Each structure stands twice: as structure tokens, then as C-alpha cells.
Amino acid sequence: MINTVDFHDEKQLLLSLSAGSQSAFKSLYDRYHHALYRKTFQILQSTSETEDIIQEAFIILWEKRQEIDTARPLGPWLFTVTFNRAVNSLKKKLREKSRTAAAAEIQAAQEDLVLLETRWQILEAAISQLSPQKKRVFQLCKMEGRTYEETSQLMGISRYTVKEYLGEVMHSIRDYVSKHMVADTTLAFLLLINFL
């Protein structure tokens, strides 16, 4: 609680401040700076931002010196101004962080899409090199997930032939991919093919 002597002294400082006294301004700055710094730093956790907010608060005090109610203590007004500015600063940082994160996610998604399209084009090119029978075996076994038995019945060939064709197809695709893809993505792509 502010004692009456301090408040009377502060009232005199505020009256002098409203008349344009720089020494009164300095006295008020010295009186409140430390407490404002402590409270603002607790919110922002940044020395430079805390100093900036406090400087802004005192600039506002100087600019509004003639509007300040000299009948009331200055502390609550200064704390309100610095608190509001600190919260606004935090909100701005969160918005910027959100935008940055969103932009990074969009960029990563676009890069992933381009890479996926490239991989798919290479896979399609590799498949187009196959004979019609081997294409059909790849389609049924790897793309549709059918068993060797189901594929052999659908194609009218033996289960053994399906297995042989699929082995040749996978070998052919791996060779094609390793020749046509950048080295660092080839392994991931070959693993993807094996999971098909």
C-alpha cells in the first residue's frame, strides 16, 4: 500500500510532469522502472523485449502527461500499460510463429508432393518397360494385393509362373529406379516398392 507521504510526493511529481518537467519524469522513471522490469520480464522472458516495452510505456506517459489523473497513483496505470503491451507482444510472436510453422508445413507438403509425383512417374516408366503379362502380375499382386493363387487363377497361369514373373518384375523395377533416381531417394523408393 502506498503511504500518504509517498503519494503526496508522487502527486507533486505528476503535477510537475504535466507541466513538462523532465526531472519529474526522470524521478517517476527511477521510481517505477525496476518493478515494471521485474513484472514484464516474468511475462516475456526476454531482456531486450522487456526494456522495449518499458521504454514504450514511459514514452506514452510523456506523450499523455497532460491527461494523467494526478489525483490517482501512477503505478496501476503504468503496470496496466506495460502488461497490455507485453501480452500484445506475446500474441504477435505466437501469430508469427504460427504463420512460420504453417508456411513451413505447406512448403514441406509441396516438396513431398513433388517428390511423390516424381517417384510415381519413375515407377510408371519402369512398369511400362514390362511385358503385358508381367505388368498384369505386378498389377494384381502389388497394386491390388492379390495372392499368387488368386493371380494364377485370374490369369490362367501357374502359381509358380506368377512367383517367377513377380521376382523378375521387382528386379527389373529396382534396376530401372536405381538408374533413374537421385541416390538419396532411391533407397526409400525401393523400400516403398517392397511394401506395395
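Visitor: Which residues are exposed on the other side of α7?

Guide: Keep in mind that this is a predicted model. The buried residues of α7 are V162, L166, V169, M170, I173, Y176 and V177. They cover an arc of only 135° around the axis, which puts them on the same side of α7. The exposed residues on the other side are Y160 and K179.

Visitor: Thanks! How far apart are the end C-alpha atoms of α7?

Guide: Helix α7 covers residues 159-180. With 22 residues at 1.5 Å a residue, α7 should span 32 Å, and the model agrees with that, as the end C-alpha atoms are apart by 31 Å.

Visitor: What is the arc of the buried residues of α6, seen down its axis?

Guide: Helix α6 takes in residues 148-155, and its buried residues are T151, S152 and M155. These residues line one face of the helix, because seen down the axis of α6 they fall within an arc of 100°.

Visitor: Which helices do the buried residues of α6 pack against?

Guide: We can begin with S152, which sits in α6. Leaving aside residues up to four places away in sequence, S152 touches I157, S158, R159 and V162. Taken together, the buried residues of α6 pack against α5 (132-143) and α7.

Visitor: Is S152 buried or exposed?

Guide: A residue is called buried when its relative accessible area is under 20%. S152 has a relative accessibility of 7%, so S152 counts as buried.

Visitor: How are α6 and α7 oriented to each other, parallel or perpendicular?

Guide: Their axes lie 8 Å apart, and the packing angle is about 105°. Angles of 65 to 115 degrees count as roughly perpendicular. That makes the arrangement of α6 to α7 roughly perpendicular.

Visitor: Which residues of α7 meet α6, and how does the contact divide by residue type?

Guide: On the α6 side, the residues are Y148, E149, T151 and S152. Their partners in α7 are R159, V162, K163 and L166. By type, the residues of this contact divide into 3 nonpolar, 2 polar and 3 charged.

Visitor: What about α5 and α7: how many residues of their contact are nonpolar?

Guide: These two helices pack at about 95° with axes 9 Å apart, and they are therefore roughly perpendicular to each other. Q133, K134, V137, F138, C141 and K142 in α5 meet V162, Y165, L166, E168, V169, M170 and I173 in α7. Of the residues in this contact, 1 is polar and 3 are charged, while the nonpolar ones number 9.

Visitor: Which residue follows α6, and what is its phi?

Guide: Here the backbone is worth a look. The residue after α6 is G156, and its phi is positive, near 70°.

Visitor: Let's move to another helix. Which residues does T40 touch?

Guide: T40 lies in helix α2, which spans residues 22-44. Its relative accessibility is 2%, so T40 counts as buried. Not counting residues up to four places away in sequence, T40 touches T50, I53, I54, T82 and A86.

Visitor: Finally, for the protein chain as a whole, what percentage of contacts between residues at least 6 apart join residues at least 24 apart?

Guide: The protein chain has 8 helices and 0 strands. Of its 196 residues, 29% count as buried. Among contacts between residues at least 6 apart in sequence, the share joining residues at least 24 apart is 57%.

Note on methods
Residues are numbered from 1 along each chain as its sequence is written. This is a predicted model: local features need pLDDT of at least 70, side-chain atom pairs count only at pLDDT 80 or more; totals for chains, interfaces and linings use all residues. Side-chain values use heavy atoms; hydrogens and water are left out. Axes are lines fitted to C-alpha atoms, for helices over the stretch in contact, and angles run from 0 to 180 degrees between N-to-C directions. Helices (H or I, at least four residues) and strands (E, at least two) are DSSP runs, numbered from the N terminus. Angles under 35 degrees count as roughly parallel, over 145 as roughly antiparallel, 65 to 115 as roughly perpendicular and the rest as oblique. Contact means heavy atoms within 4.5 Å. Ala, Val, Leu, Ile, Met, Phe, Trp, Tyr, Cys and Pro count as nonpolar, Asp, Glu, Lys and Arg as charged, and the others, Gly among them, as polar. Buried means under 20% relative accessible area, exposed over 50%, partly exposed in between (1.4 Å probe, protein chains only). The expected span of a helix is 1.5 Å times one less than its number of residues. The arc is that of the directions from the helix axis to the C-beta atoms.
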